[in-house]
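These are my notebook entries on one structure, which I consulted entry by entry. The sequence and the model come before the notes.

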Amino acid sequence: PGADRLALSVLVDLDDQGSWLAARMCRSTIRVDRAMSYEAADEALARDDDLCALVELAEGLRDQRLAGGALDTRVPEVNPALSADGRVTLSRITGNSRSRAMVAEWAVRANEVAARYCWENRIPAIYRCQDLKRPLPAEHQPTERLSVYRATRCLGQTLLDAVPRRHAGLGLEAYLQITSPLRRYLDLAIQRQISAHLAGEAPPLDTDAMDATAAAAQPVLSH
């Protein structure tokens with residue numbers, strides 16, 4: 001915290017009801033004011049109006065996706081830790097953290113904006129898409145855990161494509177990933193594509209190179 005850092009920013013305009021008005025991307029310099037754990041952020045919601053507003057907006061956007069056919073596939077996660085003496089301990093990450101859900105939703109929306117930006121500006125990119133193998137059950141309840149589990153069996157495999165198509169699990173018409181460049185090479189590659197375009201330069205990878213990258217990544221994604 002306190003240091004200037006170069007970033008690729010997604011800026012979104014929403015109205016008072018949380019309806020999507022406009023979105024844009026830019027190269028930026030940001031300064032992080034403070035670092036917080038999810039637990040600390042959850043505790044701060046009662047006294048931090050700005051953080052609370054971000055959480056409530058994210059919850060509204062998530063409800064919109066669910067209403068559009070998205071599935072809430074979140075399940076409790078396990079965090080492994082290795083001690084100095086070589087012992088491994090596992091701790092369960094709570095699944096009802098509002099701040100954790102907020103970060104996840106804003107990441108999804110940032111990826112959606114990036115997908116639309118790439119397609120509208122004809123930037124070679126790799127999109128993630130997912131079809132339904134069969135219709136969802138008529139009695140499907142998008143927030144009921146057993147119902148969601150059954151519904152996930154209707155989802156097809158996540159596929160990579162040079163053209164955006166619907167991602168059934170997320171309920172979005174265009175989607176790619178840029179938010180985890182330290183963990184996923186494709187995120188880094190697409191960030192570089194967008195950053196070059198914003199700077200008025202040619203993207204480093206052309207369509208054939210991106211297709212080759214997608215072909216190499218698809219077997220990993222399939223597992």
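Which residue in β2 is the bridge partner of L14? I found that W20 in β2 is the bridge partner of L14.

Basis of the entries. I worked with a predicted model, in which local features need pLDDT of at least 70 and side-chain atom pairs count only at pLDDT 80 or more, while totals for chains, interfaces and linings use all residues. Residues are numbered from 1 along each chain as its sequence is written, and side-chain values use heavy atoms, with hydrogens and water left out.

Strands (E, at least two residues) and helices (H or I, at least four) are DSSP runs, numbered from the N terminus, and two strands pair if DSSP finds at least two bridges between them. I also looked up L8, whose bridge partner in β2 is R27. Five residues lie between the strands of this hairpin, where G18 takes a positive phi near 85°.

Entry on salt bridges. I counted a salt bridge where a side-chain nitrogen of Lys or Arg is within 4 Å of a carboxyl oxygen of Asp or Glu. By this rule the count is 14. In one of them, the side chains of D4 and R31 meet at 2.8 Å, N to O. Because D4 lies in strand β1 and R31 in strand β2, the pair ties together parts 27 residues apart in sequence. I then found E105 in a salt bridge with R65, the closest N and O atoms being 2.7 Å apart. E105 lies in helix α3 and R65 in helix α2, so this pair ties together parts 40 residues apart in sequence. Both E105 and R65 are buried; buried means under 20% relative accessible area, exposed over 50%, and partly exposed in between (1.4 Å probe, protein chains only). A network of salt bridges links R65, E105, R109, E112 and R116.

Entry on the nonpolar core. A nonpolar core is a set of buried Ala, Val, Leu, Ile, Met, Phe, Trp, Tyr and Cys residues joined through side-chain atoms within 4.5 Å. The largest core has 19 residues, and among those that touch the most other members I recorded M25, C118 and L176. Helix α3 (98–120) supplies at least two residues of this core, as do α5 (185–198) and α6 (207–222). The most come from α3, with five residues. I also noted a second, separate core of seven residues, including L45 and M102.
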